[in-house]
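Please look at the sequence and the structure on the slide. I will go from the fold to the overall shape and then to one helix.

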Amino acid sequence: MTPVTILAPEMQDALRKEIAKVYRDAMKEARKDLLNYKEWLTFQEVGNLMNVSPGTLNKWIDTGLPYSKIDAKKYISRQKLNAFIDSHTV
């Protein structure tokens, strides 16, 4: 029979917090990976993917990044985003 190990309450709490952190980090990475397969991205997805603020994204739009708008929702084509980034290579 396998012996049962009981953790002290403070160790259980620390372990629970660490597992939650690992889970959150893994989910964040999974969401980023999922974005690699989408052709059209929302502004929020582009911000998350490129790690830029909404203000920076609006600045990019002001300087030529095209987007599409359906009702109140705005989308950016991955192809156009990549072309925009490529066009700003220095």
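The protein chain has four helices and three strands, where helices (H or I, at least four residues) and strands (E, at least two) are DSSP runs numbered from the N terminus. Along the sequence the order is α-β-α-α-β-β-α. This is a predicted model, in which local features need pLDDT of at least 70 and side-chain atom pairs count only at pLDDT 80 or more, while totals for chains, interfaces and linings use all residues. Residues are numbered from 1 along each chain as its sequence is written, and side-chain values use heavy atoms, with hydrogens and water left out.

Now the shape. The C-alpha trace of the protein chain spans about 65 × 30 × 25 Å along its principal axes. Its radius of gyration is 21 Å, whereas a compact globule of 90 residues would be near 12 Å; the radius is taken over C-alpha atoms, and the globule rule is 2.2 Å times the number of residues to the power 0.38.

How much of the protein chain counts as buried? The figure is 18% of the 90 residues, with buried meaning under 20% relative accessible area (1.4 Å probe, protein chains only). Of the contacts (heavy atoms within 4.5 Å) with a separation of 6 or more, 49% come from residues 24 or more positions apart.

Last, helix α2, residues 43-50. Its buried residues include F43, E45, V46 and G47. Just after α2, N51 has a positive phi of about 55°.

How values were computed
Buried means under 20% relative accessible area, exposed over 50%, partly exposed in between (1.4 Å probe, protein chains only).
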